[in-house]
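The sequence and structure come before the notes.

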Amino acid sequence: MVTVSTMEPTQLGRYQIIKRLYQGASGLVYEGLDPESHRRVAIKTVDPGRLAEESGQRLVSRLRYEARLFGSFSHPNIVTLYDYHEEEGRPFIVLELLQGETLKKCLERGLSFGWRASVDLIIRMLDAVSYMHTRGVMHLDLKPANMMLLDDDQVKVTDFGIAQRINAPDIWSSITGTPGYMSPEQLMGHRLDPRSDLFSVAVVLYELLTGVQAFPGKQVPGIMQRVLNLSPQPPSQLQPHLPTALDAVLRVALAKQPADRFQDANLFRSALQQVVEGQPVGVVVTH
Ligand SMILES: Nc1ncnc2c1ncn2[C@@H]1O[C@H](COP(=O)(O)OP(=O)(O)O)[C@@H](O)[C@H]1O
Ligand SMILES: [Mg+2]
């Protein structure tokens, strides 16, 4: 018997469905067409087979919240949300269609960027992170799978699926994502602040520079143990051509205690900018 969840819709709201781009544990992403504007879009929705379940209802609330969190954002390095709808209890968000690949896929293909391009990419990610933090939102799931490299070399942060308001009373942390990119405080279930996102960006930078994960492992306990207790080898020991100034930046950015890290995205960004410009890195951690 064909279950509802395996049937592809031909239409959602006014949008025509062109093809499925992604199916995850809880969500689906389609390529769609807005017949009014002839604009191609991406449509993120919940598996209809799960709507009857209690956990499905949580996914609905979560998608609604996701739309509210970044619906008003307008930044070149953050995916743009066009619209949010619910049709017969099925919610969906309409996003700008990103033509490209996730950074995760690029890394899996063994693509290597060179250190200047890697740092440049991370600077653009930090611009996005600074923008969202200024507007009171923490992403909490920054990792290569949620960064899209576009065909025209732009890079955009996607997926506000577990994002939270800074200082929200109900900030929860979750390890439903990929623990190897989460901060120690996030893995421990402690109260989170924006510095958690900066740790995650640093983990991505480490991987771009060295080609290896900062906190590798297949099993969650092993990864947790590394994130909580071990400092990854300085990047220049793995890749001798790297400026040692990057070791210093990453040592700060990957500090276990939030108070020892860069305190905001702009301080992290300036330290990287100094490396690119060849200036001595005065690593400032302002409290
Ligand atoms: N705006 C978009 N344009 C093109 N593809 C997208 C877009 N948003 C998401 N995708 C694809 O769908 C995948 C899952 O989307 P994401 O928002 O990360 O959902 P999840 O919360 O399930 O991880 C992405 O990795 C990407 O391949
Ligand atoms: Mg994702």
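**Helix α1**

In this predicted model, the buried residues of α1 are Leu59, Leu63, Glu66, Ala67, Leu69 and Phe70. Viewed along the helix axis, these buried residues fall within an arc of 160°, so they line one face of α1.

- The exposed residues Glu54 and Ser61 sit on the face of α1 turned away from its buried side.
- Elements covering the buried residues of α1 include β4, β5 (81-87), β6 and β8 (137-138).
- Helix α1 comprises residues 54-70, and its 17 residues should span 24 Å at 1.5 Å a residue; the end C-alpha atoms are 25 Å apart, which agrees.

**Domains**

- The domain assignment of the protein chain gives domain 1 as 11-96 and domain 2 as 100-276.
- The centres of the two domains, taken over C-alpha atoms, are separated by 26 Å.
- Contact between the domains involves ten residues of domain 1 and 16 residues of domain 2.
- On the side of domain 1 that touches domain 2, six residues are nonpolar, two are polar and two are charged.

**Ligand 1**

- Around ligand 1 there are 18 residues, of which Tyr22, Gly24, Ala42, Leu98 and Asp159 come nearest.
- By class, the shell around ligand 1 has nine nonpolar, six polar and three charged residues.
- At least two shell residues each come from β2 (15-23), β3 (27-34), β4 (39-46) and β6 (90-96).
- Ligand 1 lies between domain 1 and domain 2, because both give residues to its shell.

Notes
Residues are numbered from 1 along each chain as its sequence is written. Chains are lettered from A and ligands numbered from 1 in the order in which they are written. This is a predicted model: local features need pLDDT of at least 70, side-chain atom pairs count only at pLDDT 80 or more; totals for chains, interfaces and linings use all residues. A residue is near a molecule or strand if its C-beta atom, placed from the backbone, lies within 6 Å of it. Helices (H or I, at least four residues) and strands (E, at least two) are DSSP runs, numbered from the N terminus. Ala, Val, Leu, Ile, Met, Phe, Trp, Tyr, Cys and Pro count as nonpolar, Asp, Glu, Lys and Arg as charged, and the others, Gly among them, as polar. Domain bounds come from an automatic or database domain assignment. The expected span of a helix is 1.5 Å times one less than its number of residues. A residue is buried if 20 or more other C-beta atoms lie within 10 Å of its own, exposed if 12 or fewer, and partly exposed in between; C-beta atoms are placed from the backbone. The arc is that of the directions from the helix axis to the C-beta atoms. Two residues are in contact if their C-beta atoms, placed from the backbone, lie within 7 Å.
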